[in-house]
Amino acid sequence: MKIFAPKETDPIETRASLDPAAVKKLVGLGAEVIVESGLGLLSDHPDSSYEEVGATVTSDRAGSLGSADLVTRVRKPSSDEVGLLKEGAIHISFLDPFNEPDLIKQFATQKSTAISLEMVPRTTLAQKMDAISSQANLAGYVSVITAANRLNGIFPMMMTPAGTISPAKVFVVGIGVAGLQAIATAKRLGARVTAFDVRPEALEQAESLGAKALRIDLGETSGTDQGYAKELTPEQIEKQVEAQAKVCAQSDVVITTAKVFGRKPPVLIKKDVVAGMQPGSVIVDLAAETGGNVEGITPGEETVTENGVKLVGLANFEGQVSKHASQVLAANFANMIEHFWDEETKSVPINLEDEIQKGCVITHDGTVVHDRFKD
Ligand code: NAD
């Protein structure tokens, strides 16, 4: 099987779908691995490091896309590049499937197999291929480091002969994978952390990391069987926004990570709440790239409000630690390929009866096979 990893084309993308360690694993399985020259340039892996572990480095992107049996890449492909894939080729990447019906149709027309990393089921068996989690974890870390860098103060309490500096107060909204890492990182830096999530079990996890849980009675807020939150009603959101206002006003840093699978993130910090925050306080919105939890935040930008609150809406937080983000993402790819690898044929057979494949294979053999996207 010929596996090709093209370089990312989005200017904000710094990650690579394969790193040398992943290539080594794939070559060990018996795959032929080809990487585009410069693949690891922004994640500190020169072409030579891929060659050393058995990959072929090429500059022929189009030709390699057209001849590969399996393509790995981070971001969704352009329509032009889907058009280059050969019949039967497997393409694994983030695909944004809820917002890309045309791309999905094109994969089907092209008779190639599209696998969406977003749709990998959240089961124990599939954990090693869960790229949403591997990346969210690093994004959570980066969100706090970014906030610490933007704040004109320090995070830990310091008792000095010149007086005591109080610890920074950090409020984390959304205690999923990113939120938990944000809490852990802020605690490690010495901040006093408060956290909120609609899932009660997440509040307990926050407490076990030493954060104070904000408890708001929102009525029924049960999650899905995949561990994701369900969308709140407008009345519940209103209640949440109100209850959070006081905590925001007292916080030096607010980190928002709240997402609802397959939908736009809820707006949880309204303009009047931002207006009530202290000058110099910082809000980092991890959901900014997909719409944002904070009213008035500009995706991909940093702005300062009239009352001096810094709004950080950067995109691709995990890309700021591209070496480690690529390391774990590449491991997710390699683990997935290894999991389904057939020793005899030295290839990845598609089996839609398999629970993991049923969850994340979107198109196969000329049709949209995934239940959620058939229509
Ligand atoms: P996510 O990125 O979809 O959402 C982030 C967080 O936002 C979630 O905790 C969600 O509850 C929260 N949220 C949604 N609406 C909110 C609101 N109005 N206010 C506050 N918070 C809100 O979630 P995620 O981080 O990808 O993971 C969610 C859960 O899935 C976690 O509990 C995680 O432990 C679990 N998980 C399980 C597995 C597995 O079993 N293999 C793997 C990964 C994650």
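Visitor: How many disulfides does the structure hold?

Guide: This is a predicted model, and the structure holds 0 disulfides.

Visitor: What about cysteine 248 and cysteine 360, buried or exposed?

Guide: Cysteine 248 counts as buried because its relative accessibility is 0%, and buried means under 20%. Cysteine 360 has a relative accessible area of 2%, so cysteine 360 is buried as well.

Visitor: Okay, switching to the ligand. Which residues come nearest?

Guide: There are 26 residues around the ligand, and the ones that come nearest are Arg122, Val177, Asp197, Arg199 and Gln240.

Visitor: And what kinds of residues make up that shell?

Guide: The shell around the ligand divides into 12 nonpolar, 9 polar and 5 charged residues.

Visitor: Which ligand atom does the side chain of aspartate 197 lie by, and how far away?

Guide: For aspartate 197, a polar side-chain atom lies 2.7 Å from an oxygen atom of the ligand. With glutamine 240, the polar side-chain atom is 2.8 Å from a ligand nitrogen atom, while for lysine 259 a backbone N or O atom lies 3.3 Å from an oxygen atom of the ligand.

Visitor: How much of the ligand does the protein bury?

Guide: Taken alone, the ligand exposes 840 Å², and the protein buries 86% of that area.

Visitor: Where does glutamine 244 lie?

Guide: Glutamine 244 lies in helix α9, which covers residues 234-249. At 1% relative accessibility, glutamine 244 counts as buried, because that value is under 20%.

Visitor: What does glutamine 244 touch there?

Guide: Leaving aside residues up to four places away in sequence, glutamine 244 touches Phe171, Val173, Phe196, Leu214, Ile216, Leu268 and Ile269.

Visitor: Where is the place of aspartate 96?

Guide: Aspartate 96 sits in the loop between β5 (90-93) and α5 (101-109). With a relative accessible area of 28%, aspartate 96 is partly exposed, because that value falls between the 20% and 50% limits.

Visitor: And what about lysine 346, where is it found?

Guide: Lysine 346 is found in the loop between α11 (322-340) and α12 (355-360). Phi of lysine 346 is near 50°, a positive value in a residue other than glycine, and at 30% relative accessibility lysine 346 counts as partly exposed.

Methods
Residues are numbered from 1 along each chain as its sequence is written. This is a predicted model: local features need pLDDT of at least 70, side-chain atom pairs count only at pLDDT 80 or more; totals for chains, interfaces and linings use all residues. Side-chain values use heavy atoms; hydrogens and water are left out. A disulfide is a pair of cysteine sulfur atoms within 2.5 Å. Buried means under 20% relative accessible area, exposed over 50%, partly exposed in between (1.4 Å probe, protein chains only). A residue is near a molecule or strand if one of its heavy atoms lies within 4 Å of it. A polar contact is a pair of N or O atoms within 3.5 Å; within protein, one must be able to donate a hydrogen and the other to accept it, and residues adjacent in sequence count only if both atoms are side-chain atoms. Accessible areas come from the Shrake-Rupley method with a 1.4 Å probe; for residues, only the protein chains shown count as cover. Ala, Val, Leu, Ile, Met, Phe, Trp, Tyr, Cys and Pro count as nonpolar, Asp, Glu, Lys and Arg as charged, and the others, Gly among them, as polar. Helices (H or I, at least four residues) and strands (E, at least two) are DSSP runs, numbered from the N terminus. Contact means heavy atoms within 4.5 Å.
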